[in-house]
Amino acid sequence: MTDITSRRDPHAPGVPGVPAISLRGATKRFATKDGSAFTAIRDVTLDVAPGEFVAVVGPTGCGKSTTLSLVSGLEPASVGTVEVAGQPVEGIPDGVGYMFQADAVLPWKNVLDNVALGLRYRGLRRADAEARARDWINRVGLGGFEDRYPHQLSGGMRKRVAMAQTLITEPTVLLLDEPFGALDVQTRELMQDELLTLWSGSGAACVFVTHDLTEAISLADRVVVMTAGPATVKDVVTVDLPRPRRVEEIRLTPEFIQLYKRIWDSLREEVEITRARGASRVA
Ligand SMILES: Nc1ncnc2c1ncn2[C@@H]1O[C@H](COP(=O)(O)OP(=O)(O)O)[C@@H](O)[C@H]1O
Ligand SMILES: [Mg+2]
């Protein structure tokens, strides 16, 4: 469990001594067609401190996305409690930003309008929204591309737009669900570095879901290992690698490799359980 008094970023927004995110015994059941209940996650307990970066790893289908949807208020917990900044989550809480693998970039809007969208929804005047959007477009390295449409951008550039879209609302809680999963390896590493740079100045508490352990360790202060589904927290490992990090370099260090081995030992068991279930299904 995190010692909230030793938050990693003393300037992070939020209430002192209160976790940015707190799940207590959270279980989620979905109703199935035949009327029975399917348990997606069970008894998940986890705190994330303000300004902390937590990565969540676990086998495919174990319940990682479901966990995020409880935090974002897209789904209510069936059992247990979920709080953001000390408040029970009912509906989508203020200050939560979400980024998925499939980005939410609208094809019929140019980069400027896509980035300004969140602020326009919040009722900001066009001129103010556009001024802030231009600032964020520069911050994500897309200055000069304001008038481009999504189909005129590379995969990495679209991700930059998605990052600006999410960060422009200055979320205090940032939820990322395999956001770079569809990118090629080089672009992916570039985006990881970019995300770390943008996050480090934001003070946001970050939960980054991935099935890629290298990505998890490169980015996070702590890596949470989930069990095979229905997921619960199996292990929480502190990643005490120095910051600022360059992901390409850090993954070659002995400390990184040691962490990788330790966490992979834990994760591998769950991946194997999941694979064995898949195999028995087709057999
Ligand atoms: N809305 C839903 N209704 C029914 N079952 C769901 C729903 N969302 C997810 N599930 C099921 O819950 C399990 C966990 O899903 P998910 O959280 O997406 O896994 P992960 O993100 O770890 O791959 C899966 O078996 C999935 O089919
Ligand atoms: Mg998922």
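A residue counts as buried when its relative accessible area is under 20%, and Thr 67, in this predicted model, is buried because its relative accessible area is 8%. Thr 67 is found in helix α1, which spans residues 64–71. Leaving aside residues up to four places away in sequence, Thr 67 touches Leu 23, Ile 41 and Met 226.

The chain has eight helices and ten strands. Its radius of gyration is 19 Å, close to the 19 Å that the globule rule gives for 283 residues, so the chain is as compact as a globular protein of that length. Taken along the principal axes, the box filled by its C-alpha atoms is roughly 55 × 45 × 45 Å. Of the 283 residues, 51% count as buried, and among contacts between residues at least 6 apart in sequence, 69% join residues at least 24 apart.

The axes of α2 and α3 come within 8 Å and cross at roughly 120°, which makes α2 oblique to α3. The crossing in which α2 passes α3 is right-handed. On the α2 side the contact is made by Val 111, Leu 112, Asp 113, Val 115, Ala 116, Leu 119 and Arg 120, and on the α3 side by Arg 126, Ala 129, Glu 130, Arg 132, Ala 133, Arg 134, Trp 136 and Ile 137. Sorted by class, this contact of α2 with α3 has nine nonpolar and six charged residues, and no polar ones.

Helix α2 also packs against helix α4 (residues 155–167), at an angle of about 30° and with the axes 7 Å apart. Angles under 35 degrees count as roughly parallel, and α2 and α4 are therefore roughly parallel to each other. Here too α2 passes its partner, α4, in a right-handed crossing. Val 111, Asn 114 and Val 115 of α2 make the contact with Val 161, Ala 164 and Gln 165 of α4. This contact has four nonpolar and two polar residues, with no charged residues. Val 111 and Val 115 are named both in the contact of α2 with α3 and in that of α2 with α4.

Helix α4 in turn packs against helix α5 (residues 185–200), at an angle of about 20° and with the axes 10 Å apart. These two helices are therefore roughly parallel to each other, and the crossing of α4 and α5 is right-handed. From α4, the residues in contact are Gly 156, Lys 159, Arg 160, Met 163 and Leu 167, while α5 contributes Thr 187, Leu 190, Met 191, Glu 194, Leu 195 and Leu 198. By class, the contact of α4 with α5 has six nonpolar, two polar and three charged residues.

A last stop is Ile 217, which is found in helix α6 (residues 213–219). Ile 217 counts as buried because its relative accessibility is 0%. Not counting residues up to four places away in sequence, Ile 217 touches Val 223, Val 239, Leu 241, Arg 245, Phe 256, Leu 259, Tyr 260 and Ile 263.

Definitions and conventions:
Residues numbered from 1 in each chain as written. Chains lettered and ligands numbered in written order. Predicted model: local features only at pLDDT ≥ 70, side-chain atom pairs only at ≥ 80, totals over all residues. Heavy atoms only, no water. Axes fitted to C-alpha atoms, helices over the stretch in contact; angles between N-to-C directions. Helix = DSSP H or I, 4+ residues; strand = E, 2+ residues; numbered from the N terminus. Parallel < 35°, antiparallel > 145°, perpendicular 65-115°, else oblique. Left-handed = near helix turned anticlockwise from the far one by under 90°. Contact = heavy atoms within 4.5 Å. Nonpolar A, V, L, I, M, F, W, Y, C, P; charged D, E, K, R; others polar. Buried < 20%, exposed > 50% of the residue type's maximum accessible area, 1.4 Å probe, protein only. Rg over C-alpha atoms; globule rule 2.2 N^0.38 Å.
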